[in-house]
Amino acid sequence: MTTATPAVSRVATAPVTIDHIYRAAVVGAPCWARNHRGQLRQLPMTRWIGGPSMSARDRLADEYVLAQCSPRPTLDVGCGPGRITASLQDRNLPALGVDNCAAAVELTRLRGGAAIRRDVFAPLPAEGCWQQVLLIDGNIGVGGAPATILLRLARLLAPGGIIVAEVDGPTTSPNREMLRWETDDHVSHWFPWARVGATALGEVANAAGLLIRSVVDIQGRIIAVLAADRPDDGVG
């Protein structure tokens with residue numbers, strides 16, 4: 001998420017679901033996230049949705065992520081509108097998106113991707129059998145505990161599998177915050193989030209029992225490949 005010029009909701013309303021705001025954002029309504037300190041960040045819907053309006057940088061970052069995926073199954077955690085999930089399936093690579101936002105799951109399916117609505121900490125299909133688990137677009141911050149979500153994803157991996165995670169730049173200090181999404185007319189409920197900079201990734205990965213295989217800076221988008229801190233037993 002990028003820093004935005006401060007804005008104020010014009011109408012004070014009762015909180016609505018993320019789905020409500022997500023649907024508004026998809027059709028072009030200005031949407032942003034506000035943290036408990038009052039700081040605002042524009043929601044990068046153009047990137048999340050993908051398509052012709054994406055920047056060249058974001059296309060390069062997506063291509064790098066896609067290149068990390070083998071013909072064995074990929075789980076796209078926090079798949080959003082499904083640009084990565086659908087791109088993998090367009091390449092005849094098996095993929096499943098998972099998101100706890102109904103609107104995101106619907107959009108993923110509309111573009112031809114397979115997706116389910118599920119909390120990542122709830123039981124998921126084929127646990128322990130995924131070759132790649134993706135955690136793109138800042139989703140390492142889900143729940144406000146990066147090491148906890150990485151540990152959860154590590155348990156989803158097949159032997160020799162990898163996690164492809166996006167983090168913030170090296171100047172971002174680790175921090176936990178409460179966020180809510182807003183439009184001019186609506187606000188969501190507050191939810192916990194976290195931000196992890198590239199310099200802190202080693203500590204977070206180690207806490208989850210993961211090793212950093214690589215970190216690539218694609219014009220300011222930082223993509224890391226993580227692997228379980230255990231030998232590949234050659235299964236598969």
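**Cysteines, sheet and helix packing**

Me: The sulfur of Cys79 has its closest cysteine sulfur in Cys101, 9.1 Å away. Why is this too far for a bond?

Reply: A disulfide requires two cysteine sulfur atoms within 2.5 Å, and the sulfur of Cys79 is 9.1 Å from that of Cys101. Cys101 in turn has its closest cysteine sulfur in Cys79. A search of the whole structure finds zero disulfides. This is a predicted model, in which local features need pLDDT of at least 70, side-chain atom pairs count only at pLDDT 80 or more, and totals for chains, interfaces and linings use all residues. Residues are numbered from 1 along each chain as its sequence is written, and side-chain values use heavy atoms, without hydrogens and water.

Me: Why is Cys79 called buried?

Reply: Its relative accessibility is 7%, and buried means under 20% (exposed is over 50%, partly exposed in between; 1.4 Å probe, protein chains only). Cys101, at 3%, is buried as well.

Me: How do you know that strand 5 pairs with strand 6?

Reply: Pairing takes at least two DSSP bridges, and strand 5 (residues 95–99) has three to strand 6, with the two running parallel. Gly97 stands opposite Ala115 in strand 6. Strands here are DSSP E runs of at least two residues, and helices are H or I runs of at least four, numbered from the N terminus.

Me: What makes strand 6 and strand 11 edge strands?

Reply: The open sheet has seven strands in the order 6-5-4-7-8-12-11, with mixed pairing. Strand 6 (115–117) and strand 11 (210–218) each have a single partner strand, so one side of each lacks a neighbour in the sheet. From one strand to the next, the twist averages 20°.

Me: Which strands does helix 3 touch?

Reply: Helix 3 (residues 56–67) touches strand 7 (130–135), strand 8 (157–167), strand 11 and strand 12 (221–228), where contact means heavy atoms within 4.5 Å. The direction of helix 3 makes about 10° with that of strand 12.

Me: Why is helix 1 called oblique to helix 5?

Reply: Helix 1 (residues 18–26) packs on helix 5 (residues 102–110) at about 45°, with the axes 8 Å apart. Under 35 degrees would be roughly parallel, over 145 roughly antiparallel and 65 to 115 roughly perpendicular; the rest is oblique, so helix 1 is oblique to helix 5. Residues in the contact include Tyr22 and Arg23 of helix 1 and Glu106 and Leu107 of helix 5.

Note on methods: Axes are lines fitted to C-alpha atoms, for helices over the stretch in contact, and angles run from 0 to 180 degrees between N-to-C directions.
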